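Student: I'd like to learn how to read a structure like this one. Could you walk me through it?

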Amino acid sequence: MPAVLVFVVFLALIALSVPIGIAMVAGTVAPIAITGYGGSLTQLVFNAFSGANSTPILAVPLFILAGIIMAEGGISKKLFSFFAYFVGRMPGGIPCAVIMTCLFYGAISGSGPATSAAVGAMCVPFMVQLGYDRK
């Protein structure tokens, strides 16, 4: 029953447009607060911090930082220009160039979040400027 309560609270808060981080925390704390099962809040906080103290978890923000540095350095723009040269003149070529840039950039950085941060920060404003819908 507590597992169902976690998902119900989480999905209800997401449906109410609560930020995902807050919805995750509230979904985790709800069974402890409502039913009393699952340990104490102190144990929950301790387990969260000890779980976050690992090298793979630390790598994600560093990959994002590397992606932002590469984007600010101009690598993203050069990759996009390279792929746009080949497919940019076709109908729907610019979005295809964005996808090809993401594929190549993901191979370079090794991280999906870093690719989204770097290529998205550069390509979304450019595509909106060309008349594509932001959604």
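**Reading the model**

Tutor: Contact here means heavy atoms within 4.5 Å. A word on the source: this is a predicted model, where local features need pLDDT of at least 70, side-chain atom pairs count only at pLDDT 80 or more, and totals for chains, interfaces and linings use all residues. Residues are numbered from 1 along each chain as its sequence is written, and side-chain values use heavy atoms, with hydrogens and water left out.

Student: Is Thr101 buried or exposed?

Tutor: Buried means under 20% relative accessible area, exposed means over 50%, and partly exposed is in between (1.4 Å probe, protein chains only). Thr101 has 0% relative accessibility, so Thr101 counts as buried. Thr101 lies in helix H6.

Student: How many helices and strands does the protein chain have?

Tutor: Helices (H or I, at least four residues) and strands (E, at least two) are DSSP runs, numbered from the N terminus. The protein chain has 7 helices and 0 strands, giving the pattern α-α-α-α-α-α-α along the sequence.

Student: How do I read the packing of H5 and H6?

Tutor: Axes are lines fitted to C-alpha atoms, for helices over the stretch in contact, and angles run from 0 to 180 degrees between N-to-C directions. Helix H5 (residues 75-87) and helix H6 (residues 93-109) have axes that come within 8 Å and cross at roughly 135 degrees. That makes H5 oblique to H6; angles under 35 degrees count as roughly parallel, over 145 as roughly antiparallel, 65 to 115 as roughly perpendicular and the rest as oblique.

Student: Which residues make that contact?

Tutor: On H5 they include Ser76, Leu79, Phe80 and Phe83, and on H6 they include Thr101, Phe104 and Tyr105. The residues of this contact divide into 14 nonpolar, 3 polar and no charged. For those classes, Ala, Val, Leu, Ile, Met, Phe, Trp, Tyr, Cys and Pro count as nonpolar, Asp, Glu, Lys and Arg as charged, and the others, Gly among them, as polar.

Student: And at what angle do H4 and H7 pack?

Tutor: Helix H4 (residues 55-73) and helix H7 (residues 112-129) pack at about 30 degrees, their axes 8 Å apart. H4 and H7 are therefore roughly parallel to each other. Val60, Phe63, Ile64, Gly67, Ile68 and Ala71 in H4 meet Pro113, Ala114, Ala117 and Ala118 in H7. By class, that contact has 9 nonpolar, 1 polar and no charged residues.

Student: What about backbone angles?

Tutor: Most residues other than glycine have a negative phi. Ser17 has a positive phi of about 65 degrees although it is not a glycine. Ser17 sits in the loop between H1 and helix H2 (20-34), and at 64% relative accessibility Ser17 counts as exposed.

Student: Where is Phe10, and what is Phe10 in contact with?

Tutor: Phe10 is in helix H1 (residues 2-15). Leaving aside neighbours within four places in sequence, Phe10 is in contact with Ile20, Ala23, Met24 and Gly27. With a relative accessible area of 22%, Phe10 is partly exposed.

Student: What does the whole chain look like?

Tutor: The C-alpha atoms fill a box of roughly 60 × 35 × 20 Å, taken along the principal axes. Buried residues make up 23% of the 135 residues in the protein chain.
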